[in-house]
Amino acid sequence: MEAKSSHIKAANEVLKFIHHNNNFLVSAHINADGDAVASVIAMGILLEHLKKKYYMVLHDAQIDGRFAYLKNFNRIITCNSALDLQLKAAIILDVPGIKRLGKVAKLLPDRSQIVKIDHHPEEDDFAVVTMVDEKASSSTQLVYEILDQAKVAIDLELAEAIYTGIVYDTGRFSFSNTTSRDMYICGKMIDAGVEPAKINDRIFFEISFEAIRTIGKGLAEIENYLDGDVYVISLDHTTMSRNYHGEIEELANYSVAIRGGKVGIFLREIRPRYYKVSLRAKADIDVNKVARKFNGGGHTRAAGCRLDGTKREVIEKVLAEIKKQL
Ligand SMILES: [Mn+2]
């Protein structure tokens with residue numbers, strides 16, 4: 001199965017940039033998820049193959065430990081204020097706008113020295129070379145297309161990174177972004193030795209006793225609004241402080257799982273009166289638009305933002321925006 005011609009063209013431009021540079025900053029968005037971590041790691045492995053030096057830097061103080069099985073995971077460094085690497089070039093993955101880089105933004109070189117590889121609707125034009133495709137399942141898929149053009153041999157470690165990014169961002173090949181190309185690529189990764197069940201369990205089905213109970217509590221207390229168009233799952237600060245975000249994030253997908261529901265909202269009170277809001281939608285509603293209203297963003301069917309206020313106030317604000325599209 002062939003890669004898209006637009007991907008081949010963009011991949012070759014990225015490779016040209018890599019050949020002409022050295023000492024790369026490789027980074028992705030804050031609260032790095034499976035696609036962010038895996039695409040950074042896969043890009044790092046590509047740079048190693050091309051005999052380039054690089055640093056993987058993320059904003060987060062702690063990187064999601066579910067992905068610790070990936071090669072070079074412990075080489076990812078966190079961006080504290082003292083960090084001053086003076087890197088000459090940057091490859092930024094899974095980031096539509098500068099503000100999603102958090103503290104890493106201040107490490108960026110000049111725009112003429114930045115590559116952007118992403119699959120979100122564009123927010124900022126911060127890079128000279130771009131490989132952006134909103135239809136791509138994941139940034140990791142795009143990194144695979146570059147590896148493919150560079151004719152890098154895929155060993156097990158690289159295959160695990162590629163498989164992880166794609167399986168994560170497609171929701172185990174279930175979201176609407178899943179394509180035959182993803183299945184094809186992941187099939188090749190299985191041929192390279194990836195064990196799907198092992199990675200699936202590690203990412204999605206190995207959670208703590210506390211997290212399972214929290215998911216149960218979230219489901220049991222789901223509320224409906226706007227005559228069943230919108231469902232809300234909400235966890236208060238006390239509950240949140242006992243849980244890792246990654247272990248309970250499946251609740252976001254459940255919020256839109258009810259027959260007839262159009263939008264799901266998953267609220268996490270990460271500080272008293274400060275909520276992380278995850279939005280999920282079925283066809284017809286663009287939740288990226290809703291999230292952007294509150295300085296957040298994401299994709300049409302999955303997006304997020306953060307809001308101050310009581311639970312009631314936050315729900316009212318978000319519902320008002322959703323109503324505009326109903
Ligand atoms: Mn992604």
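Predicted model: local features only at pLDDT ≥ 70, side-chain atom pairs only at ≥ 80, totals over all residues.
Me: Why is helix 4 called largely enclosed by the rest of the structure?

Reply: A residue counts as buried if 20 or more other C-beta atoms lie within 10 Å of its own, and 12 of the 14 residues of helix 4 are buried, so the helix is largely enclosed. The buried residues include L158, I162, Y163, I166 and D169, and what covers the buried residues of helix 4 includes helix 2, helix 3 (139–149), helix 5 (180–191) and helix 6 (196–204). After helix 4 comes G171, with a positive phi near 55°.

Me: Why is K52 called partly exposed?

Reply: The label applies between the limit for exposed, 12 or fewer C-beta atoms, and the limit for buried, 20 or more; K52 has 16 other C-beta atoms within 10 Å, and is therefore partly exposed. K52 sits in the loop between helix 2 (34–49) and strand 2 (54–58), and, leaving out residues up to four places away in sequence, K52 touches I18, N22, F24 and L47.

Me: Which residues have the most contacts inside the largest nonpolar core, and which helix gives the most to this core?

Reply: The largest nonpolar core has 60 residues, and those with the most contacts inside it are V37, V40, A42, I91, L93, I162 and Y163. Helix 2 gives the most to this core, with nine residues. Another core lies apart from it, made of 29 residues, among them I248, A252, I265 and I322. As for I91, its contacts beyond neighbours within four places in sequence are F24, V26, M43, V115 and I117.

Me: What makes strand 7 (223–225) and strand 11 (297–298) edge strands?

Reply: Six strands form an open sheet of mixed pairing, in the order 7-8-9-10-12-11, and strands 7 and 11 are the edge strands, since each pairs on one side only.

Methods
Residues numbered from 1 in each chain as written. Helix = DSSP H or I, 4+ residues; strand = E, 2+ residues; numbered from the N terminus. Contact = placed C-beta atoms within 7 Å. Pairing = 2+ DSSP bridges. Core = buried A, V, L, I, M, F, W, Y, C linked by C-beta atoms within 7 Å.
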